[in-house]
Amino acid sequence: MITWGMVGNSHDASLACFIDDKPWWACMAKDFSKVDNDPHFNWTMIEAANQAYGKPDRIIWYEKPLLKTTRQWWAGQGWLAEENNIKNYLKQWDITAPIEYAWHHHAHAAYGYYTSGMKNASILVMDSIGEWECLTIWRGDGVKLKKVYAQRYPHSVGLFYSAMTQRCGLVANRDEYKIADMAKKGNDSLVGLVHKELLHNDLDGSMPGVHFKHNLHKGCNWLLPNMSSKKDLNNLAFATQFLYEKILKSQADWCRKTLPSKNLIITGGCALNKQANQKIENDWKKIYVPKNPGDPGSCIGAVLTKIKKQVDYNEKIWYNK
């Protein structure tokens, strides 16, 4: 059986080809279109997959469109059911195979756990939004993957980092990687103010999750409006990175104290923050972050939610022209 895992219609479209239970090839739309963060598939990548591995017998989509639609409506974005009609969306590339749907955060967790080669692990998933979930914690044991904690929208670590990226004068959902470098030029003078204004938690590892005082989906350009110089923006970047590292450590500490495994897997878009990941390396026997841990990796993870077992995985399957 040929199965395609697919991520798209949002940002960073990606596709994975499985033959039976083995992942053979994965790619991102931008590798073919040369458009950064390309949200849509293109004929070149679809034809490459068709010719090399054959047309799919089934599609596994990386999220639940109806639940995403309800969250978008609640958030004031309108009723986008037609936009989220994945069957119609895929027809433009003549993709008509039956479609199954995975939970967004389950796809993240499955990608991390079932490609890790580990027999057990705690899995921490942090991103902007998946349907209604923004942060989840999972326990992997053998072939079993169980969700032990979920935090709902709008309390989102990913949205916090993106909102602060914009507040620092950069472009949200594009320039987050620049914050850590800006932070190196700043100091801790604004950490307390940003924490007090945005966060409820003490972030001491005593409980999972992090709760924000504002819905940061709408940004936070209102925050500390008098702080606008280059020095101020570097200090805001320092506060952003510092608080993110504190959030990550708090979640990881809770996992370490509460769950049995000595291994940690981090997935979701926040897992791309290598500087923060390095700060907690010594707390764990092993930390694993898969290649493309954000939404693109969920083209593989979506399929693994159905297979539910460790697979023979080599990161070289990712297309890299």
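**Figure 1. The loop between β8 and α6 holds Pro-154.** Pro-154 sits in the loop that runs from β8 (144-152) to α6 (157-167). The peptide bond from Tyr-153 to Pro-154 is cis, with omega near 15°. Helices (H or I, at least four residues) and strands (E, at least two) are DSSP runs, numbered from the N terminus. This is a predicted model: local features need pLDDT of at least 70, side-chain atom pairs count only at pLDDT 80 or more, and totals for chains, interfaces and linings use all residues. Residues are numbered from 1 along each chain as its sequence is written, and side-chain values use heavy atoms, with hydrogens and water left out.

**Figure 2. Five strands form an open sheet.** The strand order is β8-β7-β6-β9-β10, and the pairing is mixed. β8 and β10 stand at the edges with a single partner strand each, so one side of each has no neighbour in the sheet. From one strand to the next, the twist averages 20° (axes are lines fitted to C-alpha atoms, for helices over the stretch in contact, and angles run from 0 to 180 degrees between N-to-C directions). Two strands pair if DSSP finds at least two bridges between them. Strands of a sheet pair through backbone hydrogen bonds, either parallel or antiparallel. Strands β6 (residues 120-130) and β7 (residues 133-141) are antiparallel and share eight bridges. Ser-122 stands opposite Arg-139 in β7.

Figure 3. The structure holds 12 salt bridges (a side-chain nitrogen of Lys or Arg within 4 Å of a carboxyl oxygen of Asp or Glu). One of them links Asp-253 to Arg-256, with the closest N and O atoms 2.9 Å apart. Asp-253 is buried at 10% relative accessibility, while Arg-256 is partly exposed at 32%.

Figure 4. Arg-174 is partly exposed at 48% relative accessibility, whereas Asp-175 is buried at 4%. Lys-184 is exposed at 62%; Asp-181 is partly exposed at 45%.

**Figure 5. One cavity of 30 Å³ or more turns up in the whole structure.** The volume of the largest cavity is about 30 Å³. A cavity is a set of points on a 1 Å grid over the protein atoms alone where a 1.4 Å probe fits but cannot get out; lining residues have an atom within 4 Å of a point. Grid points are joined across faces, edges and corners, and a volume is the space filled by probe spheres set on the points. The lining consists of Gly-8, Asn-9, Trp-61, Glu-63, Pro-65, Lys-68, Asn-84 and Ile-86. Three of these residues are nonpolar, three polar and two charged (Ala, Val, Leu, Ile, Met, Phe, Trp, Tyr, Cys and Pro count as nonpolar, Asp, Glu, Lys and Arg as charged, and the others, Gly among them, as polar).

**Figure 6. Asn-292 has a positive phi.** The angle is about 55°, although Asn-292 is not a glycine. Asn-292 lies in the loop between β10 (286-288) and α11 (298-307). Its relative accessible area is 23%, partly exposed.

Conventions: Buried means under 20% relative accessible area, exposed over 50%, partly exposed in between (1.4 Å probe, protein chains only). On a 1 Å grid over the protein atoms alone, a cavity is a set of points where a 1.4 Å probe fits but cannot get out, and a pocket is an open set with protein on both sides within 12 Å along at least five of seven lines; lining residues have an atom within 4 Å of a point.
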